[in-house]
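Please read them with the structure open.

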Amino acid sequence: MAAVASARVQVASSATAATAAKRAAQLAAPRPANPLRAAVSQRAAAARVVAAVQAVAAPPAPTADAARPAALVNQEKSLQKPTVIVTGASSGLGLNAANALAQSGDWHVIMACRDFAKAEKSAQKLGMPKGSYTVMHLDLASLESVRQFVQNFKNSGRRLDALVANAAVYLPTAKEPTFTADGFELSVGTNHLGHFLLVNLLLEDLKDSPKNNPAGSPRCIIVGSITGNTNTLAGNIPPKADLGDLRGLTTGLDGRNSSMIDGGEFDGAKAYKDSKVCNMLTMRQLHQRYHDSTGVTFASLYPGCIAETGLFRNHVGLFRTLFPPFQKFVTKGYVSEAEAGRRLAQVVSDPTLNKSGVYWSWDNDKSSLWFDSVDGALENRVSEEVSDDKKGAKLWDLSMKLVGLE
């Protein structure tokens, strides 16, 4: 493992320097003008008037100074405790993963959340040790909020050893689309595009992670879902994930032409599943484009069916009542929030799970407790669509334009 860690750091080429300079300029400057984005913004405004749907605006983020502990300003990063950012860490999977990592004593956790007060209250309720975490504001439904979060994090002086793209919006009963502050359909705009921008802006920080990372190398984990993989039983329950030819993404997901990636009629449940396909395709593209040059390990995972979670808060009441016992006693796929959090924390920090480009899953019949057995984590196969790297490359190019990185 030492050989792997030392090999990955030898990346100091002029191309890498140019990439770093480009990303720094993109972060510091206002979002560059882009004909596609300009058209998207105009169509988004028109669509919201015609469809009379609610746009989601981000509250102002805390100032950069609020995220800068004085002791870190001049401290050598190799002397700091390794840092992991977990999005959506105020509840559910993200909160429990943050708790597992904080309780280990090996990590400082940045809880990147839209609701600052909720995250702080949740951390205290679980007994997360004081000083083991920092709550920072992040609203993934606003690209400006993503940029502000990244700037605040960089200003904090902290090192970055792992990034967990976990937060998600799920609106299965929605009859009409809701849009982000930038005019994108909310599920894809938040779950995919917000995380896409976040990962790209923090990639250099991950690459520069000091060698004393407890995981052995820096990691970027993007949470997937069994519902986005149509090679599974759950993935074949209608509506099935299908990105089609990405024509909806090409026109901006603003509702004027279509709010769905495949260009079809809006379906809240499908929008979520499509966003999870995007998450897994993005992970594969990151692995192919950057693993060899940066040494960052990119992976996705499905931690099991968390049948009792706030993600289902917008589902019908009968579903919320029957789904947990169905998963416990019929499918045997049920996993508690605490156990799922431990699984995600394991993928973040276990040195033996250092393979890049992998979609991790678990067999509930095998050991999956905290580090008890690596056999609990299994390298899983993805669906035909998720393994379509040509589609993944097209998704990457369109996403780069939509978030203003090209």
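1. Two strands pair if DSSP finds at least two bridges between them. Keep that rule in mind for the strands below. The model is predicted.

2. Start with strand E1 (residues 83–87) and E2. They pair in the parallel sense over five bridges. Which residue of E2 is the bridge partner of Thr83? It is His108.

3. Strand E3 (residues 133–137) runs parallel to E2, and five bridges join them. Met136 in E3 is the bridge partner of Ala112. A right-handed β-α-β unit is made here too, by E2, helix H5 (residues 116–126) and E3.

4. How many of the six residues of strand E2 (residues 108–113) are buried? Six of six are, so the strand is mostly covered. In a regular strand, side chains alternate between the two faces of the sheet. On one side of E2 sit His108, Ile110 and Ala112, and on the other Val109, Met111 and Cys113. Both faces are covered, with these residues all buried.

5. Next, the aromatic residues. The structure holds three aromatic pairs. In one, Tyr170 and Tyr272 have ring centres 4.7 Å apart and planes at 50 degrees, so the pair is tilted. This pair links distant parts of the chain, 102 residues apart. Tyr170 lies in the loop between strand E4 (162–165) and helix H7 (186–207), while Tyr272 lies in helix H9 (residues 268–294). Both Tyr170 and Tyr272 are buried.

6. Tyr290 and Trp396 also form a tilted pair, 6.2 Å centre to centre with 50 degrees between the planes. Tyr290 is in helix H9 and Trp396 in helix H12 (residues 389–402), 106 residues apart. Is Tyr290 buried or exposed? Tyr290 counts as buried because its relative accessibility is 17%, and the cut-off for buried is under 20%. Trp396, at 4%, counts as buried as well. Ring pairs link Phe196, Tyr290 and Trp396 into a cluster.

7. About 40 Å³ of space lies in the largest cavity. Its lining is His192, His195, Phe196, Val199, Ile222, Asn279 and Thr282. H7 gives the largest share of that lining, four residues, and H7 and H9 each supply at least two. By class, the lining has three nonpolar, four polar and no charged residues.

Definitions and conventions: Residues numbered from 1 in each chain as written. Predicted model: local features only at pLDDT ≥ 70, side-chain atom pairs only at ≥ 80, totals over all residues. Heavy atoms only, no water. Phe/Tyr/Trp six-rings, centres within 6.5 Å; stacked < 30°, edge-to-face > 60°. Buried < 20%, exposed > 50% of the residue type's maximum accessible area, 1.4 Å probe, protein only. 1 Å grid on protein atoms, 1.4 Å probe; cavity = no way out; pocket = protein on both sides within 12 Å on 5 of 7 lines; lining within 4 Å. Points joined across faces, edges and corners; volume = space filled by probe spheres on them. Nonpolar A, V, L, I, M, F, W, Y, C, P; charged D, E, K, R; others polar. Right-handed = clockwise from strand over helix to strand, strands pointing away.
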